[in-house]
Amino acid sequence: MNNIQDMADELMLNATMAAGEFQQLDQSSTDKIVENIFKAGLNNRVKLARLAQEETGIGVWQHKVLKNVLATQMVFENIKNEKTVGVIKKDDISGIVEIAQPLGPVFAVIPVTNPTSTILFKILISMKTRNPVIISPPRNAINCCKETVNICYEAALAAGAPEDCIQIIEHGSRELTHAIMSHPHLALTLATGGTGLVHAAYSSGNPAIGVGPGNVPVFIDKSADIPFAIENIISSKTFDNGTVCASEQSIIVEKAISDIVRKEFEKQHCYFIDEMEIKKLEDYAVLKEKGTMNPEIVGKPASFIAEKAGINIPEGTKILMARLNGVGTEYPLSVEILAPVLAYYECENYEAAIKTCIDLNFLGGIGHTAAIYANDEERIMEFSKLMNAGRVVVNTPSSLGAVGGLFNTLYTSLTLGCGTGGKNITTENISAHHLINIQRVCRRKKNVQWFQFDLTKYIDENIDADNILYNYYKNY
Amino acid sequence: MVNFNFDNISNTLYCRFAGRLDTENTLNISETVEEKLKGHSAKNQKKAFSVVFDIAQVDYIASAFIRVCIKSVQQTGEGNFSVLNASPLIKKTFKIAGLDKELNVS
């Protein structure tokens with residue numbers, strides 16, 4: 001089959017037929033399918049993690065195992081008891097009954113940074129909501145994605161799922177992606193990827209749930225437990241070599257505690273590069289023409305990056321720390337870098353530090369995630385209100401904190417909504433409840449106030465709003 | 001209530017504001033500010049000059065004040081105008097308006 005539109009039509013026909021069959025399943029049959037997929041995914045967590053790392057050369061396979069666990073076990077824990085079929089809520093007082101209806105075929109675009117885990121996650125939430133899913137893998141992770149899909153599909157079929165409830169595009173192209181995204185039978189695109197992809201999904205004419213880019217500022221307040229903060233930051237920023245979009249990008253401290261913080265970073269094997277080395281790192285790590293990170297460094301260890309940039313670092317260095325004096329395009333390392341590189345800001349006082357956090361937050365990371373280490377509740381709340389972030393994680397590694405499930409009770413998700421700042425419809429961690437249409441059956445419940453109100457008052461333009469409200473609520 | 005005063009120090013006009021710059025208060029001061037800035041128009045200057053709005057003592061700004069800033073930067077020319085000592089909340093206000101760079105807010 002050569003024609004792109006024919007390929008899209010074929011995939012969509014399979015998916016719509018699966019959708020038709022799927023909507024006949026009840027909650028317990030649906031849950032059985034979800035449980036089977038969850039177990040198959042969890043049983044294959046190590047194999048899939050190794051495959052992903054070997055194929056993409058990105059990240060650390062042991063960490064990818066944990067990502068697969070999050071995407072299966074933690075997601076399953078979140079959704080296993082959720083009602084997603086038929087009547088999901090009934091309120092006798094309001095007279096409203098809510099019925100969950102599936103959306104229809106879902107198009108799931110997968111990022112190269114978290115290929116197997118994102119597939120496991122998207123398949124689980126799609127199956128839980130009886131939506132067939134078409135997986136679009138990244139070019140350089142096709143094999144691990146195919147293996148993940150095969151494992152999940154076999155498990156789904158074994159539990160009674162409809163044929164073609166999970167499909168994968170084996171020979172993808174930009175044109176095919178566009179043809180599916182804009183296909184009249186598609187219900188939704190779950191777009192996890194770069195800004196261009198998310199924009200294409202939103203422009204397709206079909207509904208889309210997308211993500212936004214991150215540029216996570218981490219403020220370490222003087223009330224923080226500094227060694228604890230540094231330990232958490234390092235574990236988070238080195239997790240899968242920094243590939244999580246919610247990972248820390250910049251550390252901001254007041255001058256008063258900067259020496260202690262720097263020494264602690266050094267003690268815990270982070271290396272502060274000097275001005276010459278910063279220049280070298282900027283030249284290698286950031287693409288000048290675009291002002292964005294060089295894709296070559298994504299998910300690579302500090303030693304690899306330092307060598308490529310021509311910087312000598314002590315053996316065992318975990319993170320390259322670059323002290324910067326400003327934020328913006330003139331300071332290339334102040335942008336998002338999905339690798340163990342951190343910008344470091346020493347600010348005159350608390351107010352200057354917070355203003356630097358605002359600058360960083362607005363430099364390509366609006367709506368995503370911000371982090372604070374503090375034991376001063378007032379400052380935590382002030383910081384949180386000033387950030388434009390869907391998630392403000394407190395005394396928590398931001399990468400795993402934002403993803404949810406381990407350090408807090410946020411929904412575990414591999415698709416983090418960034419609100420309108422990130423051009424998304426929600427700031428929530430996306431999960432199964434975003435993939436149902438809720439139908440509301442509304443019983444007649446007379447609005448007594450309305451019926452006893454003299455409606456002719458509305459016709460009289462001399463009666464003002466206060467008068468209307470007084471009479472509307474009179475005797476209540 | 002809003003207070004403001006002006007200082008002319010080595011070709012820099014400092015306008016210091018204090019209080020709440022809501023719409024009404026801004027309208028009350030905008031004519032005076034405009035008047036003061038006339039002498040600092042880019043066209044009238046031979047030497048280097050600049051205009052600084054110091055808002056360290058300001059706890060609220062209305063969009064009317066942002067308009068005064070825009071008018072000021074148009075009059076003085078970009079690079080010659082800045083807003084100093086904004087509180088974090090007010091800095092965020094300029095960010096959301098997308099004018100923090102143009103108005104050189106810090």
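**View 1. Chain B of the predicted model, with its helices and strands.** Of the 106 residues that make up chain B, 34% count as buried, and the model in which they are seen is a predicted one. The secondary structure of this chain comes to three helices and four strands, and, followed from the N terminus on, these elements run β-β-α-β-α-β-α. Among the contacts in chain B between residues at least 6 apart in sequence, 65% join residues that are at least 24 apart.

View 2. Four strands of chain B form an open sheet in the order β1-β2-β3-β4, and the pairing within it is mixed. The edge strands are β1 (2-9) and β4 (81-84) of chain B, each of which pairs on one side only, and the twist from one strand to the next averages 15°. Strand β1(B) is joined by eight bridges to β2 (residues 12-21) of chain B, and these two strands run antiparallel; here B:Val2 stands opposite B:Gly19 in β2(B). Helix α2 (residues 63-76) of chain B packs on the sheet, where it touches β2, β3 (50-61) and β4 of chain B, and its direction makes about 175° with that of β3(B).

**View 3. The place where chain B touches chain A.** Five residues of chain B are in contact with six residues of chain A. On the side that belongs to chain B, the residues divide into two nonpolar, no polar and three charged.

**View 4. The domains of chain A and the contact between two of them.** Chain A is divided into domain 1 (4-211 + 430-437), domain 2 (216-410) and domain 3 (448-476). The C-alpha centres of domain 1 and domain 2 of chain A lie 32 Å apart, and ten residues of domain 1 are in contact with nine residues of domain 2. On the side of domain 1 that touches domain 2, the residues divide into four nonpolar, four polar and two charged.

**View 5. The parallel sheet of chain A.** An open sheet of five strands has the order β5-β4-β3-β6-β7 in chain A, with parallel pairing. Because β5 (166-168) and β7 (208-210) of chain A stand at the edges with a single partner strand each, one side of each is left without a neighbour in the sheet. Neighbouring strands of this sheet are turned against each other by 15° on average, direction ignored. Strands β6(A) and β7(A) pair in the parallel sense over three bridges, and the bridge partner of A:Leu190 in β7(A) is A:Ile209. Helix α5 (residues 115-128) of chain A packs on the sheet, touching β3, β4, β5 and β6 of chain A, and its direction makes about 165° with that of β4(A).

View 6. Of the 145 residues in the largest nonpolar core, A:Ile37, A:Leu124 and A:Cys152 touch the most other members. The largest share of this core, eight residues, comes from helix α6 (residues 142-158) of chain A. Domain 1 (4-211 + 430-437) and domain 2 (216-410) of chain A both give residues to this core, so the core lies between them. Apart from this core lies another, of 23 residues, among them B:Cys15, B:Leu21, B:Phe53 and B:Val73.

**View 7. Helix α7 of chain A and what covers it.** In helix α7 (residues 174-181) of chain A, the residues A:Thr177, A:Ala179, A:Ile180 and A:Met181 are buried. What covers the buried residues of α7(A) includes α1 (4-22), β3 (106-109), β4 (133-136), β6 (188-191) and α8 (195-202) of chain A.

Conventions:
Residues numbered from 1 in each chain as written. Chains lettered and ligands numbered in written order. Predicted model: local features only at pLDDT ≥ 70, side-chain atom pairs only at ≥ 80, totals over all residues. Domains from an automatic or database assignment. Contact = placed C-beta atoms within 7 Å. Nonpolar A, V, L, I, M, F, W, Y, C, P; charged D, E, K, R; others polar. Buried ≥ 20, exposed ≤ 12 C-beta atoms within 10 Å, placed from the backbone. Pairing = 2+ DSSP bridges. Axes fitted to C-alpha atoms, helices over the stretch in contact; angles between N-to-C directions. Core = buried A, V, L, I, M, F, W, Y, C linked by C-beta atoms within 7 Å.
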